Amino acid sequence: MEREASFYEKRDDGRVQCRLCPHNCIIAEGKTGICRVRVNRGNVLYTAIYGEVSSVAMDPIEKKPLYHFFPGNSILSIGTVGCSFRCKFCQNYSTSQNPEHPTQYYSPEELVSVAGSRDSIGIAYTYTEPLIWYEYVLDCCKLAHKAGLKNVFVSNGYINPEPLGELLLFADAFNIDLKGMNTEFYRKVVGGKLQGVLDTISEISKHPKILLEVTTLVIPGYNDSDAEMEELTDFLSSLRVDIPYHLSAYFPIYQFTAPATPFRTLERLQEVALKKMRYVYLGNVSGPTNTVCHNCGAVLVERHSYSVRIGKYSRGTCENCGTRVPIIG
Ligand code: SF4
């Protein structure tokens, strides 16, 4: 369904300028922006994907991945089509890079009603990029909060400050994908500007009631050097040392043929990251990924794949030593 978009300006020559993300696309009549889902019709910018859902499922919250947000719970997860980035290694390219992929319409009321009737802590806007779905997501977020449900975002973090500010009023948790610290990699392989993502992460980190986790997909030869990991964790730790950080294994897909990430690469980068960050997890690999109290070493949450057992943890506190730990729920 089409709806008039928020955050755009009309130009005298019939073009419009979208101000939702740092691409700030100037769009001619009948054309779409880089995301392929915001279209200029008659000097008015429309979102073409209002309520258009390409994927819906109940997922473990750990699958987002979010490890410090209601561990062991499930969340209704939805995605749409299109993306503001063009990652050549996209794991969801069949929907993110194909706006013609089939979708089904769900009104915000229907979606919130489905989430409320299942054993779900809320709604996760995920699978593809939720920030380009802005108008629909914001409407759903408002209704979800009224119904006592949580709003979770799994995102590339590419959004301008003004729309982000409005969204933060209704957001409960984010996992932001930080694809490295290399501006050229972002420009050539991802199709965006690194600084836009760093600004979003910095802004979210200032909101203590919103859980922020960060993920990097580690691609051999592109973002797997110790030096880049040091730079990345310098940045994250300058915000907060307790931001949960995920290092995720890449597998060849879409336009990328680089070999899969060796396990030893993830372990090496985890060691580098742990010098500055308290919680560093490995993803897309088998094996346990526990959360351990940084003060006494007690196991707070035990995970094996999506199987979760709560250990010495209760209401944001280590039961063993009483230290506050950054887990919500
Ligand atoms: S949201 Fe889409 S149309 Fe708007 S600036 Fe970003 S890529 Fe361009």
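How many bridges pair strand 18 with strand 19, and in which sense do they run? Strand 18 (residues 299-304) and strand 19 (residues 307-310) pair in the antiparallel sense over 4 bridges. Before I go on, please keep in mind that this is a predicted model, in which local features need pLDDT of at least 70 and side-chain atom pairs count only at pLDDT 80 or more, while totals for chains, interfaces and linings use all residues. Residues are numbered from 1 along each chain as its sequence is written.

Helices (H or I, at least four residues) and strands (E, at least two) are DSSP runs, numbered from the N terminus, and two strands pair if DSSP finds at least two bridges between them. As a general point, strands of a sheet pair through backbone hydrogen bonds, either parallel or antiparallel.

Serine 305 counts as exposed because it has 12 C-beta neighbours inside 10 Å; here a residue is buried if 20 or more other C-beta atoms, placed from the backbone, lie within 10 Å of its own, exposed if 12 or fewer, and partly exposed in between. From C-alpha to C-alpha, serine 305 is 7.1 Å from glycine 287 in space, although the two are 18 residues apart in sequence.

Strand 18 also has a partner in strand 17 (residues 291-292), to which 2 bridges join it in an antiparallel arrangement. Valine 292 has valine 299, in strand 18, as its bridge partner. These two strands form a hairpin as well, this time with 6 residues between them, and glycine 297 in the turn has a positive phi of about 85°.

Where do these strands fall in the chain as a whole? The domain assignment, which is an automatic or database one, gives domain 1 (3-47), domain 2 (52-285) and domain 3 (287-329). The centres of domain 1 and domain 3, taken over C-alpha atoms, are separated by 46 Å.

Now to the other end of the chain. An open sheet of 3 strands has the order 1-6-5 with antiparallel pairing. Strand 1 (3-4) and strand 5 (38-41) stand at its edges with a single partner strand each, so one side of each is left without a neighbour in the sheet. Strand 5 pairs with strand 6 (residues 44-47) over 4 bridges in the antiparallel sense, and arginine 38 has threonine 47 in strand 6 as its bridge partner.

Another open sheet of 3 strands has the order 2-3-4, again with antiparallel pairing. Its edges are strand 2 (8-10) and strand 4 (26-27), each with a single partner strand, so one side of each is left without a neighbour in the sheet. Strand 2 and strand 3 (residues 16-18) pair over 3 bridges in the antiparallel sense, with lysine 10 opposite valine 16 in strand 3.

The arginine 38 that I mentioned is also one of the residues surrounding the ligand, among them Cys18, Cys21, His23, Cys35 and Ile132; a residue is taken as near a molecule if its C-beta atom, placed from the backbone, lies within 6 Å of it.

A nonpolar core is a set of buried Ala, Val, Leu, Ile, Met, Phe, Trp, Tyr and Cys residues joined through C-beta atoms within 7 Å. The largest such core has 85 residues, and those with the most contacts inside it are Ile123, Ile132, Cys140 and Tyr245. Its largest share, 6 residues, comes from helix 3 (residues 134-146), and the core draws at least three residues from each of domain 1 and domain 2. A second, separate core of 7 residues includes Cys293, Leu300, Cys318 and Ile327.

I will finish with histidine 145, whose place is in helix 3. Histidine 145 is partly exposed, with 17 other C-beta atoms within 10 Å. From C-alpha to C-alpha, histidine 145 lies 8.8 Å from glycine 122, while 23 residues separate them in sequence.
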